[in-house]
Amino acid sequence: MRLHIHHKYLWLLIAIAAATSGCDRRKQGESGDMSPSTGETAPDTVSDKASGTASTSTVASASTIAPAAPSAASPGAAQLNAGDISFLNAVTRDNEKEIATTELGMSRGNAKNKELSRMLNGDHVALRDEVRALAPSLPTPEEGTAPKELSDLQGEAFDGRLIATLRAQHEEAIRMFTFASEDRTLSAPVRTLATDTLPKLKAHLSAVQAAGTAE
């Protein structure tokens, strides 16, 4: 009987010791030093998990950002009205005639008129490209032809007629571009083209007039 009581108290003491040990470990976990269940350091575990979550979120958000769409704005995208088209068609037609005239002057004129024609030709070819960029939907212009009376001449007669033809062509172009630059029914891009081209046309006319005086 005495031995039985001893064993009973011994089991009671073991149970109390186990309970006390569990409380100590839980307290350590609550203090942030150790995990209640594993004994690992709690703050490091939480920090690693939080860091991993934030990193994944950042990568995901960066990979799902769509690239910026390219701008559709360009000279060729300008909305042209009926007046714009009419003006640009007239410019194209007359400009091709001037290009043909200067090409003839480059091949048949005297030395000074060849140089003059070369300078004018470069600017008028550039104008052709500007019109195409502004209105790419316009049909490709037909090749221009120089006035017949000019193409039938040679020598001094040709040079005299060449200067008179270039003067008339540029006077008409200046008149047309001046009107277009002030015409509020035309779109802004077309008025800008007219305004920007006028100084070149006026410089051409001055050069042609100077060449005629020197003849």
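1. From the N terminus on, the elements of the protein run α-α-α-α-α-α-α, that is, seven helices and zero strands. Helices (H or I, at least four residues) and strands (E, at least two) are DSSP runs, numbered from the N terminus.

2. This is a predicted model, in which local features need pLDDT of at least 70 and side-chain atom pairs count only at pLDDT 80 or more, while totals for chains, interfaces and linings use all residues. Residues are numbered from 1 along each chain as its sequence is written, and side-chain values use heavy atoms, with hydrogens and water left out.

3. Of the 215 residues of the protein, 29% are buried. Here buried means under 20% relative accessible area, exposed over 50%, and partly exposed in between (1.4 Å probe, protein chains only). Among contacts (heavy atoms within 4.5 Å) between residues at least 6 apart in sequence, 71% join residues at least 24 apart.

4. Helix α4 comprises 24 residues, 111-134. From its first C-alpha to its last, α4 reaches 35 Å, close to the 34 Å expected at 1.5 Å a residue; the expected span is 1.5 Å times one less than the number of residues. The buried residues of α4 include L116, H124, L127 and V131. Among the elements covering the buried residues of α4 are α3 (82-108), α6 (155-182) and α7 (188-214).

5. The N-terminal end of α4 is capped by N110, with a side-chain oxygen 3.2 Å from the backbone nitrogen of K112.

6. The protein has one aromatic pair. Rings of Phe, Tyr and Trp (its six-membered ring) pair if their centres lie within 6.5 Å; planes under 30 degrees apart count as stacked, over 60 as edge-to-face and the rest as tilted. The pair of F87 and F177 is edge-to-face because the ring centres are 5.4 Å apart and the planes stand at 75 degrees. F87 lies in helix α3 and F177 in helix α6, 90 residues apart, so that the pair links distant parts of the chain. F87 is buried, at a relative accessible area of 9%, and F177 is also buried, at 2%.

7. F87 and F177 also belong to the largest nonpolar core, which has 21 residues. Such a core is a set of buried Ala, Val, Leu, Ile, Met, Phe, Trp, Tyr and Cys residues joined through side-chain atoms within 4.5 Å. The elements giving two or more residues to this core are α3, α4, α6 and α7, and the largest share, six residues, comes from α7.

8. V91 touches L127, V131, M176 and F177, not counting residues up to four places away in sequence. A second, separate core of eleven residues includes L116, L150, L162 and I163.

Methods:
A polar contact is a pair of N or O atoms within 3.5 Å; within protein, one must be able to donate a hydrogen and the other to accept it, and residues adjacent in sequence count only if both atoms are side-chain atoms.
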